[in-house]
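Please keep the viewer open as you read.

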Amino acid sequence: MDKFVVHKGLVAPMDRENVDTDAIIPKQFLKSIHRTGFGVNLFDAWRYKNEGQPGMDNATRPLNPDFVLNQARYQGASILVAGKNFGCGSSREHAPWALQQYGFRAVIAPSFADIFFNNSYKNGFLPIALTDSQVRRLIDETKGFVGYEVTIDLNAQTVTTPGGEVMAFDITPHRKFCLLNGFDDIGLSLRHAEKITAFEAARKARHPYYFNTRIA
Amino acid sequence: MAQTLYDKLFDSHVVHQEEDGTALVYIDRHLVHEVTSPQAFEGLRVAGRKLWRADSIVSTADHNTPTTGWDRGIDGITDPTSKEQVVTLDKNMKIYGALAYFPFLDKRQGIVHVIGPEQGATLPGMTVVCGDSHTSTHGAFACLAHGIGTSEVEHVMATQCLVAKKMKNMLIRVEGILPAGVTAKDMALAIIGRIGTAGGTGCAVEFAGSAIRALTMEGRMTLCNMAIEAGARAGMIAFDDATAAYLKGRTFAPKGKEWDIAVEYWKTLKSDDGAHFDNVIELRAETILPQVTWGTSPEMVTGIDGRVPDPEKIKDAGKRGDMERALLYMGLTPDTPMTEIHIDKVFIGSCTNSRIEDIRQAAWVVKRLGKRVAGNVKLALVVPGSGLVKAQAEAEGLHTIFTDAGFEWREPGCSMCLAMNADKLEAGERSASTSNRNFEGRQGTGGRTHLVSPAMAAAAAIEGKFADVRRLV
């Protein structure tokens, strides 16, 4: 997993609520059996004027000039700031994969859907929840100033604006530890393999019916 | 201390807990389908890790499978990328020795959230996960069930555990008696309309009250299925006689003396008197009408006697913008009565509403109206949730009620709920759909989805526009 320590980057605004994972990466791109290649189809239905299909040459597809990420000023953006309940809907991890592979390192919103929020951390992609008014201000300032960049410092748990305003955010110590070090959970969890084995044995003794394997 | 059902389920699965509350939670049942598992298996292989417990897996291909052309076998999947996913699942199941596999074309194949309970693979007291947000469905059986991402799928495969923090407890209590013609689906949409699509974020929701206890297991599954559309990863309902009656005799369910022992334990799977909930929502069942969504989020919903809302009347600029965008996408004019909205296609199916009771309700409405599908409806699909649901419906003669009226009676799968197979809406087409999401493009790029119950979808197919099913009963 990619480490996340400090990141300074250009901000792009997505000024709407309930951005769902079907919008982030439409279902036709979920047919891939790989983890990569989703960035070019991020927000596909909003970003391009024609309907996208896997295997298309995306470079030749007509772009929707009204879509925010197609505007010249937001090229190279690595931090997305959006409305509440970002990432709602389907559990597809392809959503954080697509955001990350497009070039985003973090997304800031007043709130996130639980599964998206969780999936993001597993990939070194940082979802940051700030207050409604802080997010409103970030969106307005991003729209107002070309080249608007903020700095995210995970260790300090802060987002710092060009004006020097510092906004603090929460993260659990476990997630912070994993992100700062680029550790994936599996290796960490397997340190407890003996405990898992013991728990499993006790459970099987007490509730053997959860381990039935009858199958025709 | 008095505990909630969720407290009991979570606490009984904690293997290890960190100081910040982050826990390793043991997983009893891992449901696997073809879309969110290939990268997880690949991850295991790349890291040289073993599958911890193959017999915890129950697996099927459902998202990509076609609903026609099964006589052509695997070649019936014409899209090569879809076929590759289905074939990849076949390979992975074989390599890892997961035997509880119901592959494409098996007579027990179906939507993973239909076949889990149908096989008795979902049992009270379990933790159940799947790389699919609608895993909340299984909470109807007094278990802790929720969707996970692909990294977590890999984590469960490698460790039989999930890294989780305890969620908040939320109680949604529905008392009273649902009016005739009003179903669990309407209850779910009414709840979402009330609390919003983020209303349950961060929470495990328990549904309780006399109206919940009166629901069949099929109805309870529909309700818990939609918990995720209210933002709650997990929905759940206490164990009772209905739960036991549904499970008894099913393939994976305990038998004989083991059954009695299990039931004694399962009876404890309810919230204790006085247990603390962080949030309580109360509704009266009598006030719930048949629901129809008008927008691009399940919270954009109204009763069948309602009208398309007017953004001009919304003060909050953000909400007004979202509403304007939704109405533009949906091609709807403010103040149009819901009963004046004409539709192009009908979809009866999905993990929300494809079980035998759903099919019966829809068939009943078709029979009661005694007419054929309206001329303006280009396609009306009935897609049973599993091969066994299909067989049961056919044994009851329900399929001919549909086909005689001009509906298409298809093979099981996820189908037009998310249109990963060939069943989809074309741009601008409008559906009455018994599925769970009306997001932009969900049923096909540019497609316009109205979420309804099976009875309402059947009535819409016959009338060609939305109609109040209460007048039929």
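What share of the contacts in chain A with a separation of 6 or more comes from residues 24 or more positions apart? The share is 64%, where a contact means heavy atoms within 4.5 Å.

## About the model

This is a predicted model, in which local features need pLDDT of at least 70 and side-chain atom pairs count only at pLDDT 80 or more, while totals for chains, interfaces and linings use all residues. Residues are numbered from 1 along each chain as its sequence is written, chains are lettered from A and ligands numbered from 1 in the order in which they are written, and side-chain values use heavy atoms, with hydrogens and water left out.

## Chain A

Chain A holds eight helices and seven strands (DSSP runs numbered from the N terminus: H or I of at least four residues for helices, E of at least two for strands). Along the principal axes, its C-alpha atoms fill a box of roughly 65 × 40 × 25 Å.

Of the 216 residues in chain A, 57% are buried, that is, under 20% relative accessible area with a 1.4 Å probe and protein chains only. The chain exposes about 8,600 Å², and carbon and sulfur atoms supply 53% of that area (Shrake-Rupley method, 1.4 Å probe).

## Cavities

Searching the whole structure turns up five cavities of 30 Å³ or more. Here a cavity is a set of points on a 1 Å grid over the protein atoms alone where a 1.4 Å probe fits but cannot get out, and lining residues have an atom within 4 Å of a point. Points are joined across faces, edges and corners, and a volume is the space filled by probe spheres set on them.

The largest cavity has a volume of about 210 Å³. Its lining has 22 residues, with His63(B), Asp132(B), His134(B), Leu418(B) and Arg442(B) nearest the centre. The second largest cavity, at about 120 Å³, is lined by 16 residues, and those closest to its centre are Cys88(A), Gly89(A), Ala113(A), Ile228(B) and Gly231(B).

## Two positive phi angles

Asn85(A) is not a glycine, yet its phi is positive, near 60 degrees. The residue sits in the loop between β2 (79–82) and α3 (94–102) of chain A, and Asn85(A) counts as buried because its relative accessibility is 1%.

Ala142(B), also not a glycine, has a positive phi of about 55 degrees. Look for Ala142(B) in the loop between β6 (127–130) and β7 (144–147) of chain B; it is buried, with a relative accessible area of 0%.

Technical notes
1 Å grid on protein atoms, 1.4 Å probe; cavity = no way out; pocket = protein on both sides within 12 Å on 5 of 7 lines; lining within 4 Å. Buried < 20%, exposed > 50% of the residue type's maximum accessible area, 1.4 Å probe, protein only.
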